[in-house]
Amino acid sequence: QVQLVESGGGLVQPGGSLRLSCAASGTDFSINSMGWYRQTPGKQRALVASVTSGGFTNYGDSVKDRFTISRDNAKSTVYLQMNALKPEDTAVYYCNAWITAADGRGFATWGQGTQVTVSS
């Protein structure tokens, strides 16, 4: 069993910054890619950013040049630094990880979500 625990959401004014963290815990697993998705009411969950175990990154078009994803493999933790936040960044942000278990099974797992609200 692998769990993802997110932290760092909250209320911020437009133009401000927030840093999200997501730590994976469990036993006998390895993490392939990790990433962040976001969702607003009535819309599908959408990719914000992802990073592979080798450090390759991918960003959604709306956050390029404002958000930075990073990863600490030793701590099984992924971070999302969000700068120049806009009201349209308001959403629930979910951490995602693709896991390989000790028996070779691969599966995706999600965090519980953290609310980010950008408002004056």
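Mentor: Buried here means under 20% relative accessible area, exposed means over 50%, and partly exposed lies in between, with a 1.4 Å probe and protein chains only. This is a predicted model, in which local features need pLDDT of at least 70 and side-chain atom pairs count only at pLDDT 80 or more, while totals for chains, interfaces and linings use all residues. Residues are numbered from 1 along each chain as its sequence is written, and side-chain values use heavy atoms, with hydrogens and water left out.

The whole structure holds one disulfide (a pair of cysteine sulfur atoms within 2.5 Å), and it joins Cys 22 to Cys 95 with an S to S distance of 2.0 Å. The pair links distant parts of the chain, 73 residues apart, since Cys 22 sits in strand β3 (residues 18–26) and Cys 95 in strand β9 (residues 91–101); strands are DSSP runs of E, at least two residues, numbered from the N terminus. The link is left-handed, with -85° about the S-S bond. Cys 95 is buried at a relative accessible area of 0%, and Cys 22 is buried with 0% as well.

Glu 6, in strand β1 (residues 2–7), touches both Cys 22 and Cys 95, among others including Trp 36 and Tyr 94 (contact means heavy atoms within 4.5 Å). The side chain of Glu 6 reaches the backbone nitrogen of Cys 95 at 2.5 Å and that of Gln 112 at 3.2 Å.

Definitions and conventions
Helix = DSSP H or I, 4+ residues; strand = E, 2+ residues; numbered from the N terminus. Polar contact = N/O pair within 3.5 Å; in protein donor to acceptor, adjacent residues only side chain to side chain. Lists of a residue's contacts leave out its neighbours within four places in sequence.
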